[in-house]
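Here is a short note to read alongside the model. Please keep the structure open as you go through the points.

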Amino acid sequence: MHPDPTTLKASSVIAIEAGNLTKIYRDGIRAVNDVSFSVKQGEIFGLLGPNGAGKTTTMKMIVTLAKATSGTLNVFGINVFKSPETVREMLGYVPQSISVDTDLTAYENLLIFAKLSYVDKKERNERIKNALEYMDLTGRANDLVKRYSGGMMRRLEIAQALVNLPKILLLDEPSIGLDPSSKKQVWKRIKQLNQDFGITILITTHDMGEADELCDRIAIMSEGKIAILGSPTDLKKDVGGDIVTVNFVSSCPTISFPKEIGKIIHNNEKSIQILTTNGEEAIPLIADFFRSHEIRVESISINKANLDDVFMKYAKRRLEDGLYKDIRKTRRDFVRYSR
Amino acid sequence: MNFLRFIMSSITVAEMEARKIRHDSTELWTRIIQPALWLLVFGETFNTIRAMPSGSFSYIQFITPGILAQSVLFISIFYGITVVWEKDVGIITKLLSTPSPRSSIVLGKSLAASLRGVFQAIVIFALSLLIGVKIRLDPFDIVGVFAVVILFAMCFSSLSMLLASYMKTRDRMMGIGQALTMPLFFASNAIYPISVMPTWLKYISIANPLSYVVDAIRSMLLVGTYKNLPIDILALTVSTTLFLVLASRTIKKLLE
């Protein structure tokens with residue numbers, strides 16, 4: 001088994017603490033409804049949910065772009081509502097839609113942002129250089145951003161959020177609208193930032209794969225509330241684990257199956273289904289088991305429990321609903337700004 | 001020091017605009033066409049037919065300060081559209097998420113508008129010298145004119161940002177801009193003296209900030225007496241400060 005990442009990174013310092021946070025918009029919509037959670041220093045925390053679940057609003061309240069209707073919100077113990085500017089100094093924020101200025105060069109975008117974040121003049125150029133290098137943009141630093149690809153724009157945005165060496169990086173749907181290879185690259189950088197510099201990262205996402213890949217802990221949000229909170233592994237365990245299906249060449253004699261590997265939940269003459277906590281690790285054990293009993297196996301397939309099942313269980317709806325609108329919008333952004 | 005940081009942030013926001021203009025200044029040049037037409041066509045024509053009682057000055061002399069003020073007015077009153085556009089593409093979100101105080105961002109944006117205003121002023125100066133309009137070229141007066149242009153652009157761009165906080169879309173801002181510019185322009189002393197206006201319009205022109213601006217520029221560029229200048233500047237400073245403070249408070253609504 002993999003060690004639980006949360007225990008590895010466990011830190012007693014609380015980076016973000018939200019208590020009974022509520023945001024009611026003027027039209028009476030409760031975007032965020034009595035939400036409480038805390039993000040520990042050094043972890044990657046994900047807010048997972050479909051459109052309109054309240055993820056972005058929650059993030060905006062932390063970045064002080066939206067005002068909470070009620071509740072408490074602290075960043076490293078500092079009251080977000082009372083000292084917004086002090087809090088913003090500790091944050092790097094990458095909004096969902098493209099927010100770099102496409103009429104400026106990458107270098108200029110970083111320069112302006114560094115100045116507005118009051119980065120010391122002596123350190124400024126060094127930091128910009130490092131951020132560009134880190135995000136693999138050095139070669140194109142003096143090109144206008146409108147000539148960039150979507151993945152490059154996203155990397156530039158993260159670079160921009162890095163120049164003030166934030167304690168917490170907030171990423172709103174970091175890989176939305178990106179093609180699979182750009183997505184992988186962005187993920188790699190996010191993980192690196194967390195590992196190399198210990199930056200606490202809060203992401204919002206509707207992409208289960210992304211949440212699973214990146215996050216140490218996830219809060220699944222639905223209709224303004226947190227439906228469940230935990231590590232991806234625990235959450236998936238919670239819905240029952242992976243199902244391994246074994247098909248036999250000829251009918252299988254009755255056997256007693258070891259409990260350590262899994263539980264048989266269904267069987268007929270030519271196949272059985274075994275519930276396991278981790279499918280990949282169970283497959284060789286299962287294969288060995290049947291081989292030692294001289295039962296010929298035709299095929300083994302695995303049906304992994306995913307966060308969608310978790311979401312289904314707690315939010316009573318599928319995660320994918322209403323997702324394409326967002327993806328299309330951001331794709332349009334990329335097309336519109338890159339010329 | 002906080003005040004120093006505040007000013008630094010504002011200058012940085014204006015610097016952002018300057019850098020954009022350096023990359024692509026097409027808009028600035030196309031913006032010149034309209035005031036140039038006013039001067040060259042309207043001004044020259046009415047100068048020839050002598051239809052306006054422009055006092056001891058030729059008509060083209062009379063309207064040069066008016067056209068200068070008008071073109072700065074157009075730029076600054078439509079500046080809200082730029083800000084709404086920047087909101088739509090996420091730039092405002094980004095600016096407001098920096099540690100810089102919001103009021104410094106608003107001040108910076110208004111300085112950015114006056115940067116464009118100053119450019120207009122320079123070109124109109126050049127144009128009027130080119131066509132031989134006699135204006136006073138006293139250095140102090142010219143500095144004074146630029147100071148008024150900057151203040152004026154700040155005033156109306158912050159009004160525009162204040163309106164944008166509530167209007168939120170480019171279309172609405174376009175409509176508001178159209179609805180404001182023409183009445184402001186025609187109910188002012190920009191292209192004809194207040195004395196020829198019907199009585200009701202005279203009252204309106206007294207409440208019209210553009211009249212004070214034109215008056216200030218005219219007194220420096222043509223007349224050379226500064227009797228009304230303190231009142232002009234005071235009226236302008238008060239309204240600029242007011243709009244800046246209000247816009248700083250409302251700019252966050254733009255994101256809602």
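1. A cavity, on a 1 Å grid over the protein atoms alone, is a set of points where a 1.4 Å probe fits but cannot get out, and its lining residues have an atom within 4 Å of a point. Helices are DSSP runs (H or I, at least four residues), numbered from the N terminus.

2. This is a predicted model, in which local features need pLDDT of at least 70 and side-chain atom pairs count only at pLDDT 80 or more, while totals for chains, interfaces and linings use all residues. Residues are numbered from 1 along each chain, chains are lettered from A, and side-chain values leave out hydrogens and water.

3. Helix 4 of chain A gives the lining of the largest cavity its largest share, four residues. Helix 4 (106-116) of chain A and helix 5 of chain B each supply at least two lining residues. Among the lining residues are F113(A), L116(A), M16(B) and D101(A).

4. D101(A) also forms a salt bridge (a Lys or Arg side-chain nitrogen within 4 Å of an Asp or Glu carboxyl oxygen). Its partner is K20(B), with the closest N and O atoms 2.8 Å apart. Between chain B and chain A the count is six salt bridges.

Technical notes
On a 1 Å grid over the protein atoms alone, a cavity is a set of points where a 1.4 Å probe fits but cannot get out, and a pocket is an open set with protein on both sides within 12 Å along at least five of seven lines; lining residues have an atom within 4 Å of a point.
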